[in-house]
Amino acid sequence: MMIDEREYLSIKEFIKVVDRTEQSIYKRLKNKDDELNNFSKKFSHGIKLHKNAVREVYARDLTDEQIFGLIDRVEKVEPKVDEIKQLDYTREQEEEERENDKKVIEILEREIEKKDKIIEDLTKSLNYQQQLSLADKQTILQLQERNEQKESKWNIFNIFKRK
């Protein structure tokens with residue numbers, strides 16, 4: 001049998017409905033023989049009391065008008081409980097989304113680091129390639145100058161040779 005937590009009120013909600021102090025409710029719950037314990041249930045976020053406890057335990061000596069007043073109070077509290085549960089669920093979803101976002105950000109940061117390393121390596125390679133290209137051009141220019149000097153020397157000799 002599945003227990004529906006919506007059928008239960010927190011201690012704070014219960015004391016508002018039955019118009020008792022929190023101390024008096026806990027005092028009754030400490031007494032293991034007290035009939036209020038029959039309506040209590042421990043949940044992950046604390047002890048709750050079944051809403052039938054209002055009628056069964058506190059409404060015996062009340063007039064019908066007072067009972068209907070208590071029922072109205074319970075009915076007013078129930079939607080608030082559902083709203084709180086919805087807010088809790090929404091907070092859990094937001095927290096889960098934040099955690100997922102953090103994981104995605106970490107993955108993206110690692111990817112950016114990898115890309116930065118690749119860019120750095122490519123930049124170094126490009127610089128090296130440019131230095132080699134510059135050295136090649138300088139060598140070509142030097143060779144061309146030597147050839148021109150040799151040709152000019154031969155041209156001078158050729159001038160004397162032809163005559």
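When residues up to four places away in sequence are left aside, the contacts of His50 are with Glu7, Tyr8, Phe14 and Phe39.

**Close-up of the packing of helix 1 against helix 2.** Helix 1, formed by residues 11–18, packs on helix 2, formed by residues 22–30, at an angle of about 110 degrees and with the two axes 9 Å apart. Helix 1 is therefore roughly perpendicular to helix 2, and the crossing of these two helices is right-handed.

**Close-up of the side of each helix that takes part in the contact.** Helix 1 contributes Ile11, Lys12, Phe14, Ile15 and Val18 to its contact with helix 2, which in turn contributes Glu22, Ile25, Tyr26 and Leu29. By residue class, this contact of helix 1 with helix 2 comprises 7 nonpolar and 2 charged residues, with no polar ones. Phe14, listed here on the helix 1 side, is also one of the residues that His50 touches.

**Views of helix 2 and helix 3 with regard to model confidence.** Over the chain the pLDDT averages 80, and 74% of the residues score at least 70. Among the elements of the chain, the highest mean pLDDT, 91, belongs to helix 2, whereas helix 3 (residues 52–58) has the lowest, 78. Where pLDDT is low, the predicted coordinates should not be read in detail.

Technical notes
Residues numbered from 1 in each chain as written. Predicted model: local features only at pLDDT ≥ 70, side-chain atom pairs only at ≥ 80, totals over all residues. Heavy atoms only, no water. Axes fitted to C-alpha atoms, helices over the stretch in contact; angles between N-to-C directions. Helix = DSSP H or I, 4+ residues; strand = E, 2+ residues; numbered from the N terminus. Parallel < 35°, antiparallel > 145°, perpendicular 65-115°, else oblique. Left-handed = near helix turned anticlockwise from the far one by under 90°. Contact = heavy atoms within 4.5 Å. Nonpolar A, V, L, I, M, F, W, Y, C, P; charged D, E, K, R; others polar. pLDDT = per-residue confidence, 0-100.
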